[in-house]
Every structure is written in structure tokens, then in C-alpha cells.
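These are my notebook entries on a structure that I looked through step by step.

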Amino acid sequence: MFSIYITAFIVGGLICVIGQLLFDVAKLTPAHTLCILVVAGSILDGFGLYEPFIDFAGAGATIPITSFGNSLTHGALAEAEKHGIIGVLTGMFEVTSSGITSAILFGFIASFLFRSKGKA
Amino acid sequence: MDKEQYSTIEQEISPKPSIIKNVFKAFLTGGIICLIGQFIALFYITFFDFTERTASNPTVATMVFISMLLTGFGLYKKIGQFGGAGAAVPITGFGNAVVSSAIEHRTEGYVLGVGGNIFKLAGSVILWGVFSAFAVALIKTILVKLGVVSW
């Protein structure tokens, strides 16, 4: 029961370590690093590896941005299984809608509520 | 002193960015954020009708909401300065990118400023996520149709 908290902490931490190494060692910008992680998540799901990874690590696998790539691919594949090639387009945002929707809505609400103090 | 000498001396004097320290901070920060996510997921599984897998959707939305508050009050910037990639890689970092661009550009108006810039930082992640997901899903669908692999 409690082991999932430990694996979530360690696995989530390790994905961030990969990101930090891409910052510091490979000298990539944050945007490049995040794009690489997203693409990695989507490729892992193509091989069917990300879902077992979520079962193993829980939020340690769903909270890092790699999970965004995974959910995009996962939605596209789920619809493609039902409707063929066209499903790749229609299913893309099916799973990940909550992340995008909440980011847009809360971002807009925040622009009403908060004033910029330099770079936020 | 020529240019080469100057640059070697400069390298000797300037403090080396301690990679190990940064990596440890990123591990700690990212780990704690994921741990909080796990607790939020437990909350949705226990009190609402979600399973281990479906709980990730409301969890992500809640994390983005928390990230909005932290960004608005200027606290996420401090977490980012401490945690580096530990603050940028979790979904809260994505939320922070969207919210901070929205707040930053509100003075230019809600249509051109906020509307035009809200995805200024997060757009690259969405573009590359969608493109790679499209490529992966297309390749896999074709391979399945050809009978090379199965779903």
C-alpha cells in the first residue's frame, strides 16, 4: 500500500534527474528538454511500455511531462483500433483533454486574478 | 594577455556549476511533486468513482490548479530556482508556463495579449507531443493493418 508512494517519489524524481542532466550536461534549453521527454513518452507508448510503467509507479509516471506524450499517443491508438487511420486524428486529445483544458482555463482565470510581478 | 589565456583563466576562476547538487535538488523537487500527485490520486480514488488509471485525469487538473495559485503568488518561480528540472518536468511546470505567459501579457489585452501569448512557452511541448503521437500512432496503425504487430 505504502510502497506506491515510495516508487512514485523515486521514479518521478528520476525522470526529473534525466531532465536536469539534459539541462546541465547536454546544455539543452528547458523547451528542448521538455520536447525530448514528451517525444520519449509517446514512443514508449507506441511500444506499449508506458501503461505498465504507470501501473508500477503511479503518479511518478503520470505527473512528469512524459505522460503527456503517452496520453496523446494512447488516445490516438485507442481510436485507431476502433476506426482505423482516421482515428489517429479524432482520438489524439481524448485522454489528455483534462491537462490542456485545465491549463487554458486556469491560465485565463489567473490573468484576471493576478498581476505580473516581473517575470512570474 | 591574449584571448586564449583570458578564457582559460576565466574558466579557472568562475565557480563550476555543481551538477551533482543540481541533480539532487531536481530529484528531491520532482519526487515531492509526484508524491503530492499520488496523494491527490488517492483522494480521487477514495472519495470519487475513479480507478487507479482514470484518476490521473482529475489529478493532473488539480495539479495545474495548484500550479496556477503558486505561479500567481510568485512562489513557483522560487521552486523553479531551487529545483531546476524538478520543477519544470512535472505537469505543474507545464501549468506554470501557461499561467505565467497569461499573467505576463495581460497588460496587452485579453485577446491579443493573453490569447495570443498563452501558449508561447507551452506551445512547443504541445506541437512536438502531437506530432510524435501522430507519427507513432500512424506507424503502429499501418503495421497492425499489415499484420506485422498486434494492438
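**Entry 1: how the chains meet**

I began with contact, for which two residues must have their C-beta atoms, placed from the backbone, within 7 Å of each other. The model is predicted, so I noted that local features need a pLDDT of at least 70 and side-chain atom pairs count only at pLDDT 80 or more, while totals for chains, interfaces and linings use all residues. Residues are numbered from 1 along each chain as its sequence is written, and chains are lettered from A and ligands numbered from 1 in the order in which they are written.

I use helix and strand for DSSP runs, numbered from the N terminus, where a helix is H or I with at least four residues and a strand is E with at least two.

**Entry 2: confidence**

I next looked up pLDDT, the predictor's confidence in each residue, from 0 to 100. Chain A averages 91, with 96% of its residues scoring at least 70, and chain B has a mean of 90, with 97% of its residues at 70 or more. Within chain B, confidence is lowest in helix α1 (residues 3-13), at a mean of 77, and highest in helix α5 (residues 85-88), at 95. Where pLDDT is low, the predicted coordinates should not be read in detail. For the complex, the predictor gives an ipTM of 0.91 and a pTM of 0.88.

**Entry 3: chain A**

Chain A has 7 helices and 0 strands, and its C-alpha trace spans about 50 × 35 × 35 Å along its principal axes. Of its 120 residues, 53% are buried, where buried requires 20 or more other C-beta atoms within 10 Å of a residue's own, exposed means 12 or fewer, and partly exposed lies in between, with C-beta atoms placed from the backbone. Among contacts in chain A with a separation of 6 or more, 58% join residues 24 or more positions apart.

Is A:Ala57 buried or exposed? I found 23 other C-beta atoms within 10 Å of A:Ala57, so this residue is buried. A:Ala57 lies in helix α3 (residues 50-57) of chain A, and, leaving out residues up to four places away in sequence, A:Ala57 touches A:Thr7, A:Ala8 and A:Val11.

For contrast I turned to A:Lys27, in the loop between α1 and α2 of chain A. With 8 C-beta neighbours inside 10 Å, A:Lys27 counts as exposed, and its phi is near 55°, a positive value in a residue other than glycine.

Chain B is divided into domain 1 (3-120) and domain 2 (122-151), with bounds that come from an automatic or database domain assignment. The centres of these two domains of chain B, taken over C-alpha atoms, are 27 Å apart, and their contact takes 5 residues from domain 1 and 4 residues from domain 2.

Apart from its neighbours within four places in sequence, A:Ile65 is in contact with residues including A:Leu34, A:Val38, B:Phe94 and B:Val125.

Last, I checked helix α6 (residues 91-104) of chain B, whose 14 residues should span 20 Å at 1.5 Å a residue, and its end C-alpha atoms are 20 Å apart, which agrees. The expected span is 1.5 Å times one less than the number of residues. In α6(B), 14 of the 14 residues are buried, so this helix is largely enclosed by the rest of the structure.
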